[in-house]
Amino acid sequence: MDEDALAEELRRSIGELVRAVRAVDTMPPGEAAILGFLDRDGPLTTADLARLRGVTHQSAAKSVKDLSVAGLVRGEPHPDDGRKLLLRLTDAGRSRLRQERTLRAGALGAAIRETFDPDERRRLSESVALLSRLTARLTGLGSDARFARGGGASR
């Protein structure tokens with residue numbers, strides 16, 4: 001199989017896997033994504049969240065409002081620009097995110113145990129490292145490796 005066909009098969013397969021795992025979610029995907037960004041990246045503005053999610057500012061603002069009303073995020077004045085709010089994950093938000101992640105991991109873990117024999121689970125584990133490297137390359141986190149190989153600085 002050539003690289004382009006492999007790339008398309010991988011894209012399709014991973015997309016289906018992500019959709020299947022999200023089926024156990026108990027909150028809208030956009031809200032879960034915002035909680036995840038705030039957990040990983042720390043405080044962000046609504047504009048930051050919109051950019052990270054690839055949605056309009058209005059869409060991100062609606063999700064932020066819903067999360068705020070639920071007590072999962074809180075806003076505070078931005079230290080550099082008083083016109084902006086810096087959004088933080090609350091303890092309740094962190095707990096809810098942990099619950100969502102536990103549900104996802106549980107569903108995926110059960111499927112792995114029920115589907116694969118020990119050797120296949122080992123091979124799957126090895127493939128996670130390959131997928132992580134591929135993700136790093138696509139997101140620019142693997143750019144140091146490009147410099148080491150003389151690949152340039154394009155992003």
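Trainee: Which residues are linked with D39 in a network of salt bridges?

Mentor: Keep in mind that this is a predicted model. By the rule used here, the salt bridges come to 15. One network of them links D39 with D91, R94 and R101.

Trainee: Which element gives the largest share of the largest nonpolar core?

Mentor: That core has 15 residues, and M27, I34, L35, L38, L49 and L67 touch the most other members. The elements giving two or more residues to the core are α2 (29–41), α4 and β2. The largest share is five residues, and it comes from α2.

Trainee: What is L35 in contact with, leaving aside its neighbours within four places in sequence?

Mentor: L35 is one of the core residues that touch the most other members. Its contacts, with those sequence neighbours set aside, are M27, L67, L72, V73, L89, G93, R96 and L97.

Trainee: Is H78 buried or exposed?

Mentor: H78 is found in the loop between β1 (73–77) and β2 (85–89). Not counting residues up to four places away in sequence, H78 touches T45, K84, L85 and L86. The cut-off for buried is under 20% relative accessible area. H78 has 18%, so the word for H78 is buried.

Trainee: How many residues apart in sequence are the parts that R88 and E76 tie together?

Mentor: E76 forms a salt bridge with R74, the closest N and O atoms being 2.7 Å apart, and another with R88, at 2.8 Å. R74 is partly exposed at 41%, and R88 is partly exposed at 29%. R88 lies in strand β2 and E76 in strand β1, so this pair ties together parts whose separation in sequence is twelve residues.

Trainee: Where do D119 and R123 both lie?

Mentor: D119 and R123 form a salt bridge, with the closest N and O atoms 3.5 Å apart. D119 is partly exposed at 37%, and R123 is partly exposed at 47%. They are four residues apart, about one turn of the helix, and that helix is α6 (residues 118–139).

Key
Residues numbered from 1 in each chain as written. Predicted model: local features only at pLDDT ≥ 70, side-chain atom pairs only at ≥ 80, totals over all residues. Heavy atoms only, no water. Buried < 20%, exposed > 50% of the residue type's maximum accessible area, 1.4 Å probe, protein only. Contact = heavy atoms within 4.5 Å. Core = buried A, V, L, I, M, F, W, Y, C linked by side-chain atoms within 4.5 Å. Salt bridge = Lys/Arg side-chain N within 4 Å of Asp/Glu carboxyl O.
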